[in-house]
Amino acid sequence: MSDGHASGAAMEPGTVISVETRHSSGFHHKRPIVLAGGEGAVVWDAQGRRYIDCDTGHGLAILGHGHPAVTAAIKAQAEKLLTCGESFYSEPRARLYAELAAAMPAGLDRFFLCNSGTEAVEGALKLARLTTGRSRVVAFRGGFHGRTFGSLSATWNPRYREPFAPLLDGFAHVPFNDAEAAAAAVTPEVGAVLVEPVQGEGGIHVATGGFLARLREACDSTGALLVFDEVQTGVGRTGAFVAAQRFGVTPDVICLAKGLAGGVPIGAVAFGERVGEVPRGAHASTFGGNPLAAAAAAATVAIVRKDRLAERAAELGERFLGMMRQLAGEARVVREVRGLGLMIAMDLKTRSARYLQALQDRGVLALAAGPTVVRLLPPLVITWEQLEAVRDALALVLMEDPPQ
Ligand SMILES: Cc1ncc(COP(=O)(O)O)c(C=O)c1O
């Protein structure tokens, strides 16, 4: 690479692709476009082609791109102080705590801040171990909780697990939405029951209220902690600030990440009385609670609350799901439509990859969730007209067989 590129001179899109291809780890599937900018629910590539963004970096851009409040918060904090570890107090962190405490279910008002979803899950598993002294964990088939060793042990998909065996002992995977099987698995040796209220990577499978309520009962009777992994469902996505509020079931711990700082890396573990006092020094993160991320997150949560974006996600999501179900009735290739709020899947009778490509060619970015699913995670600020344009693009590609 020339010095010019290293020092920040503009790179041609072809150069970006070849340098990334040469030097990146190689773990990621790539689509051959260079994203260069965005505003609201729209992103554009380096050639100026515009896309309605229902990928949002796997659900991160919850307020869309370039939200002025988030940009202003980041700029202001960058000019003041970029780093302040947890050994000191910091105003952006305090703002974030105050916003989060007001948004979360009553009683979940203490937080451990970290940098990603997998770290939030690791934090929750450690809190469960500290609180209960027990090492067994009940997780669910189809569940995804991250890729570090603890969270990977709770993740179900053998494709992610097998290359890294042996994983941690003591993790059981029970059928999702099978209340009685789950209750039977929550023995007195179990320290945590870890569940996504809507399974995201597993294909957008929505829990039933009865299933989650039964998990609550089972944990109450055995002393296990009920942990909701809301890394993907949190921050308004499913139509409440956290899905727990939509289902009316309050867990002991909630993991957040993805959209929490509008796209800036962050993770958080929320907990309350059941966890109680934690031993100082037992867990930490050098970057956790970073002022830049905390400022972005405080601004994001404030906007989600002030603009009632969770309510908006509930309303738009319901209308959009109705439209998708109508489309499914007309397109033979669709097996099922599933979703809650603005977390939506079209499960196809065939592999989804070429449909995702065809959608991209028609100006819509969507993502997979398993081999046959087209998943849509639009920003909560997407307009109804943009959702109609997504429907029109989907109608076109689903009616073509195979898509061009
Ligand atoms: C429910 C859930 N938990 C945990 C994770 C892991 O998050 P991260 O990739 O930030 O580590 C994800 C990521 O997709 C997720 O969807």
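## A helix-by-helix tour

Start where helix H5 and helix H12 meet: their crossing is left-handed (near helix turned anticlockwise from the far one by less than a right angle; clockwise would be right-handed). Helices here are DSSP runs of H or I with at least four residues, strands are E runs of at least two, and both are numbered from the N terminus. This is a predicted model, in which local features need pLDDT of at least 70, side-chain atom pairs count only at pLDDT 80 or more, and totals for chains, interfaces and linings use all residues. Residues are numbered from 1 along each chain as its sequence is written, and side-chain values use heavy atoms, with hydrogens and water left out.

**Stop 1: H5 and H12**

Select residues 91-103 for H5. H12 covers 291-306. The two axes are 8 Å apart, and the packing angle is about 30°. Axes are lines fitted to C-alpha atoms, for helices over the stretch in contact, and angles run from 0 to 180 degrees between N-to-C directions. H5 and H12 are therefore roughly parallel (under 35 degrees; over 145 is roughly antiparallel, 65 to 115 roughly perpendicular, the rest oblique).

Now show the side chains. On H5, the contact uses Pro-92, Arg-93, Arg-95, Leu-96, Glu-99, Leu-100, Ala-102 and Ala-103. On H12, pick Pro-291, Ala-294, Ala-295, Ala-297, Ala-298, Val-301, Ala-302 and Arg-305. Contact means heavy atoms within 4.5 Å. Colour by class: twelve residues of this H5–H12 contact are nonpolar, none polar and four charged. Nonpolar covers Ala, Val, Leu, Ile, Met, Phe, Trp, Tyr, Cys and Pro; charged covers Asp, Glu, Lys and Arg; the others, Gly among them, are polar.

Ala-284 sits in the loop between strand S12 (267-271) and H12. Ala-284 is exposed at 62% relative accessible area (exposed is over 50%, buried under 20%, partly exposed in between, with a 1.4 Å probe and protein chains only).

**Stop 2: H13 and H15**

Select 309-330 for H13 and 384-399 for H15. Their axes come within 11 Å and cross at roughly 15°. H13 and H15 are therefore roughly parallel too. The crossing here is right-handed. From H13, the contact takes Leu-316, Arg-319, Phe-320, Met-323, Met-324, Leu-327 and Glu-330. From H15, the list includes Trp-384, Leu-387, Arg-391, Leu-394 and Leu-398. By class, the H13–H15 contact holds twelve nonpolar, no polar and four charged residues.

Stay on H13. Its 22 residues reach 31 Å from first C-alpha to last, close to the 32 Å expected at 1.5 Å a residue (the expected span is 1.5 Å times one less than the number of residues). Among its buried residues are Leu-309, Ala-313, Gly-317, Leu-321 and Ala-328. Show what covers the buried residues: the list includes helix H11 (243-247), H12, strand S13 (334-340), strand S14 (343-348), strand S17 (373-376) and H15.

**Stop 3: H6**

Go to 117-132. These 16 residues should span 22 Å at 1.5 Å a residue; the end C-alpha atoms are 23 Å apart, which agrees. Buried positions in H6 include Gly-117, Val-121, Leu-125 and Thr-132. Step just past the helix: Gly-133 has a positive phi of about 70°.

**Stop 4: H10**

Select 209-222 and find Arg-216. Arg-216 counts as buried, at 14% relative accessibility. Beyond neighbours within four places in sequence, Arg-216 contacts Leu-226, Val-249, Thr-250, Pro-251, Asp-252 and Arg-274.

Next, Thr-222, also in H10. Thr-222 is buried at 18%. Not counting residues up to four places away in sequence, Thr-222 touches Arg-134, Val-186, Thr-187 and Pro-188. Thr-222 and Ala-240 are 18 residues apart along the chain, and their C-alpha atoms are separated by 29 Å.

**Stop 5: backbone exceptions**

Most residues other than glycine have a negative phi, and most peptide bonds are trans.

- Thr-56, in helix H3 (residues 56-59), has a positive phi of about 45°. Thr-56 is buried at 2%.
- Val-235 lies in the loop between strand S10 (225-229) and H11. Its phi is positive, about 60°, and Val-235 is buried at 1%.
- Ala-165 and Pro-166 are joined by a cis peptide bond, with omega about 0°. Pro-166 is in the loop between helix H8 (158-161) and strand S6 (171-174).
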